[in-house]
Amino acid sequence: MTVDFEEGKALVMNLKSLRVFVNVMDEGTLARACHKMNLSQPAASRLIQILEAEFDIQLFHRDRKRMVPTHQADAFYPQAVRILASVDDLPDLFQQIATNSAPPLRVICHPRMVEGLIVPAMACLVKLDPSVKLKLEVHPRRYLGRRITHGLYDVGVATLPLPDQNPSAQLLAQAEMRVALPDAHPATRKQVLTPDDVRDLSYVALEESTNMRALLDRQLTKADEHLDVIHEMSTSLAACRLVREGIGFTFTDSITLSPAEQHGLAVRQWRPRVNIDFGYFVSDTNVPHPARASFVKVLKEMCEERLRPDSEIRET
């Protein structure tokens, strides 16, 4: 099969148009997409127009300087992500074919899971099977649902509910939210803390887009309580590190805060109680990765071990 030069140029142009479209959808504005891609706004706008003309579809409503996605854009987005993900994976695929090597176990999660759960679980898996290869993709929760749609993963881990109901998730563990303070703070003499106990401390909160923040805010509202946010972090790890330096308090849990990261922190029970559900999901494939079941087993065992102190506290 031969492809003439003009057809090749059109293919490259369409792929670039697709990248502009996906980045505008991901970043929320044309300006941020252009900054990410190092493109001028007129060039990016032109590429979007080429894509719309090519498929006779309107992807955005132009409202002054804003570009508002249409229903067609929302429907087209998952397919565009799949196309680009497949193209981006071609070099790795050809390398695997050339070397006749096994593909890596592909894991996706949001940042909250990485340091405390996913990386330790991966390390455990490699110790059990040194031949296994791993690939980890970390996406903010607000983008995770979109990333799930392209299906290029083997195992995903996230707090529940998932931002996208497809695929269905299996419960991995349920943990109680904990409050974390500097280990020398006087409030740590109590084993159970309430909003009154931390009222005079700086609240180091997670961003509103995080599931943990949403769960906490919802429960505080039910209890007719409120905490003033002083500092705001995009990851739980960053919030805990700030508290470890003696600044205020934050919230965490026994699953994603590894024992090693608890050094310098006092982690206490919190009331009103807030439960966090952790789940895993797998890709819809007829040939699952050989290490997928082993990785899920490691995750479950690690969660059970970390929740054991929670059970002991409740029993006493």
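Modeller: A residue counts as buried under 20% relative accessible area, as exposed over 50%, and as partly exposed in between (1.4 Å probe, protein chains only).

Colleague: What kind of model is this, and how are residues numbered?

Modeller: It is a predicted model, in which local features need pLDDT of at least 70 and side-chain atom pairs count only at pLDDT 80 or more, while totals for chains, interfaces and linings use all residues. Residues are numbered from 1 along each chain as its sequence is written, and side-chain values use heavy atoms, with hydrogens and water left out.

Colleague: What is the average pLDDT of the protein?

Modeller: The average is 85, and 86% of the residues score at least 70; pLDDT is the predictor's confidence in each residue, from 0 to 100.

Colleague: Where does pLDDT stay under 50?

Modeller: One such stretch is residues 1-13, for which the model has four contacts beyond four places in sequence. Another is residues 311-316, with three contacts of that kind. A contact means heavy atoms within 4.5 Å.

Colleague: How many helices and strands are there?

Modeller: The protein has nine helices and 13 strands. These are DSSP runs numbered from the N terminus (helices: H or I, at least four residues; strands: E, at least two). Of the 316 residues, 43% count as buried.

Colleague: Turning to charges, how many salt bridges does the structure hold?

Modeller: It holds 14, where a salt bridge is a side-chain nitrogen of Lys or Arg within 4 Å of a carboxyl oxygen of Asp or Glu. One of them joins R62 to E52, whose closest N and O atoms are 3.1 Å apart. R62 lies in strand 1 (residues 60-63) and E52 in helix 3 (residues 41-55), so this pair ties together parts that are ten residues apart in sequence.

Colleague: Is E52 buried or exposed?

Modeller: E52 is buried, at 11% relative accessibility, whereas R62 is partly exposed at 42%.

Colleague: What about R213 and E208?

Modeller: Their side chains meet in a salt bridge of 3.8 Å, N to O. Here R213 is buried, with a relative accessible area of 8%, and E208 is exposed at 60%.

Colleague: Which residues of helix 8 are buried?

Modeller: In helix 8 (residues 236-244) they are S236, A239, C240 and V243. Seen down the helix axis, these buried residues fall within an arc of 95°, so they line one face of helix 8; the arc is that of the directions from the axis to the C-beta atoms.

Colleague: Why would residues three or four places apart point the same way?

Modeller: An α-helix has 3.6 residues a turn, so residues at that spacing point the same way.

Colleague: What do the buried residues of helix 8 pack against?

Modeller: They pack against five strands: strand 7 (178-182), strand 9 (203-206), strand 10 (229-233), strand 11 (250-252) and strand 12 (265-270). Just after helix 8, G246 takes a positive phi of about 95°.

Colleague: Which residues touch the most other members of the largest nonpolar core?

Modeller: Among its 52 residues, they are L117, I118, V157, F251, W270 and F295. The largest share of this core, seven residues, comes from helix 9 (residues 292-315). A nonpolar core is a set of buried Ala, Val, Leu, Ile, Met, Phe, Trp, Tyr and Cys residues joined through side-chain atoms within 4.5 Å.

Colleague: What is L117 in contact with, leaving aside its neighbours within four places in sequence?

Modeller: L117 is in contact with V157, I255, L299, M302, C303 and R306. A second, separate core of 22 residues includes L39, I48, M67 and A73.
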